[in-house]
Amino acid sequence: MITIMMGYFVAFSFSMLALSWALEGGMLYPKDSPSRELKELNGLWSFRADFSDRRDQGFQQQWYSRPLRESGPIIDMPVPASFNDITQDAKLRDFIGWVWYEKEVWIPQPWVSASAGKRVVLRVGSAHYYSIVWVNGAKVTQHEGGHLPFEADITKLIQSSPMALCRITIAVNNTLTLHTLPPGSIQHKADNSRYPPGYFVQNTNFDFFNYAGIHRPVVLYMTPSAYIDDITLTTTFADNVGSVNYKVSVKGSSDFTVSLNLYDARSKLVATALGLEGHLLVPSPNLWWPYLMHDTPGYLYSFEVVMKAKNGSNQYQDIYTLPVGIRTVEVTKTQFLINGKPFYFQGVNKHEDADIRGKGLDWPLIVKDFNLLKWLGANSFRTSHYPYAEEIMDMCDRYGIVVIDECPGVGIKNPESFGEKSLAHHLIVMEEQVRRDKNRPSVVMWSVANEPASQLPAAGYYFKTVIAHTKSFDPTRPVTFVSNSNYSSDKGAPYVDVICVNSYFSWYHDSGHLEVIELQLNTQFDNWYRLYQKPIIQSEYGADTIPGFHTDPPLMFTEEYQKAVLQNYHAIFDKKMKQNLIGELIWNFADFMTAQSITRVVGNKKGIFTRQRQPKSAAFVLRDRYWKLANKTGMLPPLPKTHYL
């Protein structure tokens with residue numbers, strides 16, 4: 001058996017309350033401040049994939065113990081980026097197992113001195129899916145799961161070295177098992193008359209390519225030895241007074257003071273306080289509003305924490321500033337309310353996916369996507385099917401784009417993936433996700449899974465536990481998961497706050513029959529609401545479309561067919577949004593890569609934009625609809641006709 005898995009042993013009202021954590025330590029995003037410094041390690045790293053039969057040669061030969069170039073051939077690999085599409089090597093594109101990254105960097109001298117009172121941390125934005133990290137040959141951390149950051153305090157290690165040169169080695173394994181998120185399985189092909197010896201394939205139950213590598217920035221950052229470890233902000237609003245409720249944790253000293261300052265968008269001081277826990281009152285606050293719901297969407301205050309500490313004869317100061325949006329979220333039987341006003345999700349599902357870089361963070365692409373969202377008139381998206389980069393989430397906070405923040409719980413189909421081992425990992429993932437995104441005004445709901453086999457008997461206990469656990473860490477937001485099960489047999493639906501339903505009438509069901517959409521969609525909504533009495537989001541719908549394919553009458557895969565699917569769905573949306581429908585999210589924003597199969601022609605083509613972000617005909621249909629909906633349901637005065645087609 002090929003041991004490629006080495007290392008895996010190895011009416012709801014959500015008032016903003018304080019959160020508590022099972023995970024140790026905070027996960028504040030690294031940034032420069034008067035007391036902190038940042039050194040980005042993005043760029044070219046040395047790279048090698050372990051093609052040995054057991055994928056364990058790197059551990060057997062201890063590649064981490066000396067420069068990677070000394071143990072064999074290396075190639076350049078950009079970070080952040082998926083490694084799959086960078087080379088011309090087909091074996092690397094579909095590689096499953098351990099890959100090794102290495103970079104040598106100089107540590108700034110003021111960081112290294114043991115008497116300087118500094119703390120140095122190595123942080124990885126995300127790597128897929130299991131990572132082990134060494135610094136100068138010493139193991140400093142390991143982490144299970146992709147899409148979320150992890151870090152290690154390396155202060156003592158680098159201060160004990162006579163040189164300030166730091167060699168960072170990261171081994172990453174992209175293997176998926178029935179107990180990972182997302183799950184998968186390794187299938188060994190034993191018939192040597194058909195397959196080479198040791199041949200295996202990675203099976204998955206999700207419809208996107210299993211990109212792998214170091215996908216988000218790697219940084220070194222410095223703080224004082226006594227430092228601000230974590231900040232939790234929640235907000236309420238009543239009687240024209242906003243409240244920013246805060247909880248701060250400090251590490252490295254027991255003798256400290258903490259002061260809090262709140263500044264408006266013009267840097268004017270509006271409130272102050274002292275102490276680790278309390279609240280700041282803001283009369284007549286500027287609320288955080290979604291895009292197209294107010295003439296100044298995404299309004300952010302700056303919450304500044306100033307910590308002064310003593311540790312013996314040493315004195316420290318640490319300053320950290322966090323953006324905060326004052327807003328409330330509430331769910332009734334028929335509505336989703338933001339700041340007490342009905343909010344309708346008119347948005348998209350997306351993927352972190354693009355040519356060459358795969359899922360690697362790419363600033364030009366991020367800015368382009370947000371410009372397209374604004375052009376489209378979209379006010380929201382779901383992070384299908386994993387947490388997106390923190391840099392993307394920052395843009396959502398600033399632009400007023402509302403987010404359903406989904407974990408990597410996609411493809412949970414096998415009964416074994418509902419067992420205790422899988423559940424324990426799922427709970428940790430939700431803790432990590434909430435810890436990272438808890439302070440974001442754009443995040444209004446957590447999603448704990450996409451299209452699981454929620455009809456299985458074990459799914460009831462599983463999702464009851466995951467949802468309750470998520471709420472124990474954040475009682476301020478509703479929780480959901482996205483279902484494609486039958487309404488009458490879904491075991492997890494009783495525990496969600498909002499029903500999210502995926503359906504592809506006339507595509508996967510009754511393929512080519514546009515005439516059934518309205519009847520079947522109407523029945524779908526009626527059945528779900530009658531049983532659960534909860535508001536509903538159409539969380540996916542759509543059709544594959546190859547740009548430039550045209551027929552009349554419409555045929556599947558043509559631009560006309562995609563338009564017709566949307567228009568038939570919209571006819572029912574218009575009726576149901578007057579009752580209990582609170583949102584519609586098209587699948588998908590842009591075409592994206594998938595595994596090779598006879599049902600996918602170089603990826604999934606359900607995007608209203610191509611993978612290169614060029615519009616298909618459906619993009620204009622949706623743009624016209626969204627701007628008209630904003631004009632009809634939003635707080636803005638009538639929009640000029642130039643916004644329409």
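Me: Where is Asn 240 placed?

Reply: Asn 240 is in the loop between β17 and β18. Strands are DSSP runs of E of at least two residues, helices are runs of H or I of at least four, and both are numbered from the N terminus. This is a predicted model, in which local features need pLDDT of at least 70 and side-chain atom pairs count only at pLDDT 80 or more, while totals for chains, interfaces and linings use all residues. Residues are numbered from 1 along each chain as its sequence is written, and side-chain values use heavy atoms, with hydrogens and water left out.

Me: Why is Asn 240 called partly exposed?

Reply: Its relative accessible area is 42%. Buried means under 20% relative accessible area and exposed over 50%, with partly exposed in between (1.4 Å probe, protein chains only). Asn 240 is therefore partly exposed. Its phi, near 65°, is a positive value in a residue other than glycine.

Me: What makes Asp 239 count as exposed?

Reply: Asp 239 has 76% relative accessibility and therefore counts as exposed. Asp 239 also lies in the loop between β17 and β18 (241-251), and has a positive phi of about 55° although it is not a glycine.

Me: Which residues have the most contacts inside the largest nonpolar core, and what makes it a core?

Reply: They are Phe 370, Phe 381 and Phe 463, in a core of 90 residues. A nonpolar core is a set of buried Ala, Val, Leu, Ile, Met, Phe, Trp, Tyr and Cys residues joined through side-chain atoms within 4.5 Å. A second, separate core of 48 residues includes Leu 260, Ala 271, Val 282 and Ile 537. In soluble globular proteins, nonpolar side chains tend to be buried together.

Me: With which residues is Phe 463 in contact, leaving aside its neighbours within four places in sequence?

Reply: They are Phe 418, Val 448, Ala 449, Pro 452, Ser 454, Phe 481 and Gly 492. Contact means heavy atoms within 4.5 Å.

Me: What makes a space a cavity or a pocket?

Reply: On a 1 Å grid over the protein atoms alone, a cavity is a set of points where a 1.4 Å probe fits but cannot get out. A pocket is an open set with protein on both sides within 12 Å along at least five of seven lines, and lining residues have an atom within 4 Å of a point. Grid points are joined across faces, edges and corners, and a volume is the space filled by probe spheres set on the points. The largest pocket holds about 790 Å³. Among its 27 lining residues, Asp 94, Ile 96, Phe 200, Val 201 and Gln 202 are the closest to its centre. The largest cavity has a volume of about 160 Å³.

Me: How is the lining of the largest cavity divided?

Reply: It has six nonpolar, three polar and seven charged residues. Ala, Val, Leu, Ile, Met, Phe, Trp, Tyr, Cys and Pro count as nonpolar, Asp, Glu, Lys and Arg as charged, and the others, Gly among them, as polar. Helix α5 (residues 363-376) provides the largest share of this lining, four residues.

Me: From which domains does the lining of the second largest cavity draw at least three residues each?

Reply: They are domain 1 (37-174 + 210-223) and domain 2 (227-324), with bounds from an automatic or database domain assignment. Strand β17 (residues 227-238) gives the most to this lining, with three residues.
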